[in-house]
Amino acid sequence: MKKTTASGTSRRFPLIWKILIPILALILIIVSVIAVYSAQNVKAMDKAVDAALSTISQEYTLTPEDPANYEEIKVYNIFNFHVQQYSVEGVGNLSVMKVNMGFMQMATLILTPIEKNLPLVSADYMYQFGKRTSYLEFYDCVPDLEDEAYQSLLSDLSAVKEKYTGLEDTTPTPAWYDSLKTVGFYKLGKAKDDPTLDQMLCDGFKTVLDSAKELPTLTEEEMSAKRKLCKDYSDGLISNGGISTDVFKEQLGEDTTRDFFDQVLFGTEHYGN
């Protein structure tokens, strides 16, 4: 039988360490890079959200609401979605959802107007290392599409969009709700573009809320119709799917996801009730 000598064993250990040390060093470098970018991007994400909330609060009274069990939603037992909810006096429900996944950070803001003939506003700001992907969308969840004031608002939003032609455009993945989208800003950028992207977010919300000041409050019947249109959209996300929606359905179940949407994210069953 061949014997393993002490010298043979000692020769193998250096060989193992010669393989392991570079691997461990590479892992440490990757983890460190992710940690640095993650910290920087969380600050950038928070700054964008704070800027939007400040813009909205300058126009209307913004009252924090209690999202109850949905303040923190754990996904895959790893990532936590942090949720805030507000009432925008005389307008509707506002939700803010943020998540830090290490390699990517994302903030979502959704304004669901109930009392005014305004589009539903949805913003998704994604941060991946030094890259940015920013979506700002306006949905035709309104009972009167041909209303003159509503058409004027869409023209104003198109004018705002023109201000940001200097940012690189991107094309969103086709989805079932495309027919509901009216004006959409879809932009790519880098960390240096954060101030411009933040301003784009604020300009979008400000344009909608400035328009709201000129609009009459909807009647109870009109509000009921408006609420239903917004709920039809959120129900459609559950029935037909969406990237974040599919994750919530898998982790929370369909019924809980629907309750989260109705009570907090879109607030169609919460605002004014």
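This protein contains 6 helices and 9 strands. Its radius of gyration is 24 Å, well over the 19 Å that the globule rule gives for 273 residues, so the protein is more spread out than a compact globule. Keep in mind as you look around that this is a predicted model.

**Overall dimensions**
- Along its principal axes, the C-alpha trace spans about 95 × 45 × 35 Å.
- The accessible surface of the protein comes to about 14200 Å².
- Carbon and sulfur atoms account for 56% of that surface.

**Inside the protein**
- Of the 273 residues, 47% are buried.
- The largest nonpolar core is made of 42 residues.

**A closer look at L94**
- Which residues is L94 in contact with, once its neighbours within four places in sequence are left aside?
- The partners of L94 are L53, I56, L62, Q84, Q85, Y86, V88, I110, L111 and F205.

**Contacts along the chain**
- Take the contacts between residues at least 6 apart in sequence: 62% of them join residues at least 24 apart.

**Charges**
- The protein carries 26 positive and 39 negative side chains.
- The centres of these two sets of charges lie 19 Å apart.

Notes:
Residues numbered from 1 in each chain as written. Predicted model: local features only at pLDDT ≥ 70, side-chain atom pairs only at ≥ 80, totals over all residues. Heavy atoms only, no water. Core = buried A, V, L, I, M, F, W, Y, C linked by side-chain atoms within 4.5 Å. Buried < 20%, exposed > 50% of the residue type's maximum accessible area, 1.4 Å probe, protein only. Contact = heavy atoms within 4.5 Å. Helix = DSSP H or I, 4+ residues; strand = E, 2+ residues; numbered from the N terminus. Rg over C-alpha atoms; globule rule 2.2 N^0.38 Å. Areas by Shrake-Rupley, 256 points an atom, 1.4 Å probe, with all protein chains shown as cover. Lys, Arg positive; Asp, Glu negative; His and termini not counted. Charge placed at Lys NZ, Arg CZ, Asp CG, Glu CD.
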